[in-house]
Amino acid sequence: MKLKGQIILMVMAFALSMTFTDCNGRRETPAKANPVHQKSVVSKAAKSEKPKPLYIYMYRYDDFPVAKAKYLCRELEKVYPSVILVKTALPLPTKEYYKKGNRYRAAGLLDDLERFKNGGFALGMTDEIIYHPNEMSPTWGIFGLGRTGKNVCVISSMRPKERRLQSDDNMRKLMLHELGHAFGLNHCKDQHCFMVDAEHGDKFAQTPAFCDNCKRYLNSKGWKL
Ligand SMILES: [Zn+2]
Ligand SMILES: [Zn+2]
């Protein structure tokens, strides 16, 4: 019997995707934790049970460091219960590369990530410079970009002007800001809120948290702020 159990476990393990892991690299099965609520579930207890929040899938592009991704994953898990760090890195889409400026089109990366939401959210992470057009330049370097309410965002650890890496804590704040957009938040007037408009600059130092309004909104979407 023991052997039979082991074989069943082995078959199950094989059936699971090898690429989905938790922040520490342990395998996860997102399908199980994101149940489809069927009409046949009639018990009162089941009815009152809240569905688990949608998964946020975290994707490393190319050689974005695993250690940095794991740090961000653990930080995100502190405020959101359903996070999957995808083990296999995605290749940066070459068609989004702007050679002269040595940078990638951020909206192009979002288009790419749209395919990997798996019914949840997709967050891309890159060490390359990313750009988005504005009134100053059609290839203006940015820290991150999120599509408001569209479940997709991308962050870069490379500061485009100085061409040096962000600190881990800035990356954490950047991730939460862009995810805020992905979950439907616009920029916030509160100058101390994570959702403040960076206005082409860097406001990491002045934003210690989400403001109460943004917190309330995100908590209604399954966050634990
Ligand atoms: Zn923003
Ligand atoms: Zn706010």
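**Close-up views of a predicted model**

**View 1. Arginine 163 in the loop between strands S11 and S12.** Arginine 163 lies in the loop that joins strand S11 (158-159) to strand S12 (164-165). In this predicted model, the residue has a positive phi of about 50°, although arginine 163 is not a glycine. Arginine 163 counts as exposed because 10 C-beta neighbours lie inside 10 Å, and the class of exposed residues extends to 12 or fewer.

**View 2. Aspartate 62 in the loop between strand S2 and helix H4.** The loop between strand S2 (56-61) and helix H4 (66-77) holds aspartate 62. Phi of aspartate 62 is near 45°, a positive value in a residue other than glycine. With 11 C-beta neighbours inside 10 Å, aspartate 62 is therefore classed as exposed.

**View 3. The open sheet of 6 strands.** The strand order is S1-S3-S2-S6-S10-S9, and the pairing in this open sheet is mixed. Strand S1 (20-21) and strand S9 (144-147) are the edge strands, each of which pairs on one side only.

**View 4. Pairing of strands S6 and S10, with helix H5.** Strand S6 (residues 121-126) pairs with strand S10 (residues 152-156) in the parallel sense over 5 bridges. Leucine 123 has cysteine 153 in S10 as its bridge partner. Helix H5 (residues 106-114) packs on the sheet and touches S2, S6, S9 and S10. The direction of helix H5 makes about 130° with that of S10.

**View 5. Helix H4 across the sheet strands.** Helix H4 lies across S2, strand S3 (83-90) and S6. Relative to S3, helix H4 runs at about 160°.

Key: Residues numbered from 1 in each chain as written. Chains lettered and ligands numbered in written order. Predicted model: local features only at pLDDT ≥ 70, side-chain atom pairs only at ≥ 80, totals over all residues. Helix = DSSP H or I, 4+ residues; strand = E, 2+ residues; numbered from the N terminus. Buried ≥ 20, exposed ≤ 12 C-beta atoms within 10 Å, placed from the backbone. Pairing = 2+ DSSP bridges. Contact = placed C-beta atoms within 7 Å. Axes fitted to C-alpha atoms, helices over the stretch in contact; angles between N-to-C directions.
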